[in-house]
Amino acid sequence: HTSCDIANDCLRVPLDRNARQIRLALGCFMTSDESWIASVCGLPDPDTTRYARLCRLVNGVLSSPLRPDYLVLPELSIPPSWYIRLAAKCMHRGISLLAGVEYIHDNSKNTVSNQIWASFVTDCIGFPVSMIYRQDKGRPALHEAEELHNKAGIQLQPESKPTKPIVNHGDVYFAFLMCSELTNIDFRASLRGKIDVLVVPEWNQDTETFGTLVEATAVDIH
């Protein structure tokens, strides 16, 4: 745990770095339909290569001469039990890991939550540690709600009130939306002129629609 401040819906994570352009690595990582179904149903992952593939990707980023400041991975790409270990590896190289984690089950309510976890490197106590920020997807995409019900008879429900604060990491201002949330014009309007980077992890084949949205959002927000 590390100290941070929340003021006016802005989470401030201290980081002392010289003002410069930041570098983000966008990780292309395959999650199969079979892995998704296993996650929804609470079953073991049938893809025995998944962890090794993920480690190769992360190790490739860590060893790159163009070492990034942030590594971004898709929606639902990492089981929560793997995330902390991978985030720690990245933190020791000064890299913040931003990723969508697999569904988190609440068996007492027969619901799941879909979250993005962001491990921000900070030096607020004199040496590098990480502060992990978690943000819920507020409501499922239409096809997501249908598949959750059809495969396991469950619903998506946020663990907590799905707020969308701005995260001030050092000298950079971030915001996060999860996949279909990018289609909500109210979210985009509320961020206009307030952020440097909008991170939108997604697991979606509709690249044509999202490509157009990304172009429009870049113009609107900035």
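Predicted model: local features only at pLDDT ≥ 70, side-chain atom pairs only at ≥ 80, totals over all residues.
Residues are numbered from 1 along each chain as its sequence is written, and side-chain values use heavy atoms, with hydrogens and water left out.

Serine 96 lies in strand E5; helices (H or I, at least four residues) and strands (E, at least two) are DSSP runs, numbered from the N terminus. At 1% relative accessibility serine 96 counts as buried, a word that means under 20% relative accessible area, with exposed over 50% and partly exposed in between, for a 1.4 Å probe and protein chains only. Leaving out residues up to four places away in sequence, serine 96 touches Asp69, Tyr70, Leu71, Ser119, Phe120, Val121 and His169, contact being heavy atoms within 4.5 Å.

Phe120 leads us to the cores. A nonpolar core is a set of buried Ala, Val, Leu, Ile, Met, Phe, Trp, Tyr and Cys residues joined through side-chain atoms within 4.5 Å. The largest has 22 residues, and those with the most contacts inside it are Leu98, Phe120, Tyr133, Val167, Phe174, Phe176 and Val199. Two or more residues each come from strands E2 (10-13), E4 (70-78), E6, E7 (129-136), E10 (172-176) and E11, and from helix H6. Apart from this core lies another, of 21 residues, with Leu62, Leu71, Cys90 and Ala99 among them.

Leu62 also belongs to helix H2, where Arg50, Arg53, Leu54, Cys55, Leu57, Val58, Val61 and Leu62 are buried. The buried residues of H2 pack against strand E3 (24-26), H1, E4, H3 and strand E5 (96-106).

Now to the aromatic rings. Rings of Phe, Tyr and Trp (its six-membered ring) pair if their centres lie within 6.5 Å, and planes under 30 degrees apart count as stacked, over 60 as edge-to-face and the rest as tilted. By this rule there are 9 aromatic pairs. One of them joins tryptophan 36 and tryptophan 203, which are stacked, 6.2 Å centre to centre with 20° between the planes. Tryptophan 36 sits in helix H1 (residues 33-41) and tryptophan 203 in the loop between strand E11 (197-199) and helix H6 (207-221), so that the pair links distant parts of the chain, 167 residues apart. Tryptophan 36 is buried, with a relative accessible area of 10%, whereas tryptophan 203, at 27%, is partly exposed.

A further pair is formed by tyrosine 83 and tryptophan 117, whose ring centres are 5.3 Å apart and whose planes stand at 85°, so the pair is edge-to-face. Because tyrosine 83 lies in helix H3 (residues 80-92) and tryptophan 117 in strand E6 (residues 111-122), the pair ties together parts that are 34 residues apart in sequence. Both tyrosine 83 and tryptophan 117 are buried.

Finally, ring pairs link Tyr70, Phe120, Tyr133, Phe174 and Phe176 into a cluster.
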